[in-house]
Amino acid sequence: MSDFTELNRQYFRAEFRQGQELIFNEVQGRRSWVSDIWSDTELGKGHKVRMLEYACGPGAISAALAPFVDQIVGMDVSEEMIKQFNINAQETGFEDKMVGYHGDLLAESVPVDLSGPEFYDFDLVVVSMALHHFDKPDLALKRLGERLKKGGMFLIIDMVPEDKHSPHGLHNAFPEASATIRIHGFTLEHMQKLFKDAGMGQKFDYQVIQEPVVFNKEGKEIKKTIFIARAQRN
């Protein structure tokens, strides 16, 4: 595990949940845009719909989509986040289909116990508000894209780039959090290239969410504009 991954794990042990309700609602509201294969759709009938949420945190996206899939694997480098993910699965009544695992699929050497068939052939892979923390976003999309079945969808939610001198910049409000960020947002063109280079060049779309995400920590507030992007594995 890289020093950068370790820094992320340490910092985000503290709850950082503001904005999760917005993201939850946006994902549910755009479900038919994300994919047409769900447990309640014609294309999903007779099909075990499986989803991976990587860097899952407490599992906001998993909870939003759990009613419409048959199995969800959550994974995070933070053991505390995985504990919270599994607690949330129980509290929302989805423990029969939502299971969290502590692990790092972006490590130089992926553990054997995360390399079995149960960790591949997903219909949907989701990374929410985490890609900007990854040491190598291009490697992340390639590694995680390999976990999709052909024709599966990949969903990214992350920050729209802004002027680094903006008063709403993370580096001004939360310098400790800023130290965990590799890229301060992704443009449409950047996301399209990342997806294409990772073998997911089909059905690409990138939409900016108009309502900002509001983070509150240490008595400070910051607003960030985020986007939601999708692409399909070739």
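Reader: Which hand does the crossing of α6 and α9 have?
Author: Helices here are DSSP runs (H or I, at least four residues) and strands likewise (E, at least two), numbered from the N terminus. A crossing is right-handed if the near helix is turned clockwise from the far one by less than a right angle, left-handed if anticlockwise. The crossing of α6 and α9 is right-handed.

Reader: What basis do the values have?
Author: This is a predicted model: local features need pLDDT of at least 70, side-chain atom pairs count only at pLDDT 80 or more, and totals for chains, interfaces and linings use all residues. Residues are numbered from 1 along each chain as its sequence is written, and side-chain values use heavy atoms, without hydrogens and water.

Reader: At roughly what angle do the axes of α6 and α9 cross?
Author: Axes are lines fitted to C-alpha atoms over the stretch in contact, with angles from 0 to 180 degrees between N-to-C directions. Helix α6 (residues 137-145) and helix α9 (residues 188-197) have axes that come within 8 Å and cross at roughly 45 degrees.

Reader: In β3, which residue is the bridge partner of valine 73?
Author: Strands pair if DSSP finds at least two bridges between them. β2 (residues 71-76) and β3 (residues 98-102) pair in the parallel sense over five bridges. The partner of valine 73 is valine 99.

Reader: Arginine 50 lies over the face of which residue?
Author: A charge sits over a ring if NZ of Lys or CZ of Arg is within 6 Å of the ring centre and within 35 degrees of the ring normal. Arginine 147 lies over tyrosine 120, at 4.2 Å from the ring centre. Arginine 50 lies at 4.3 Å from the ring centre, over the face of phenylalanine 122.
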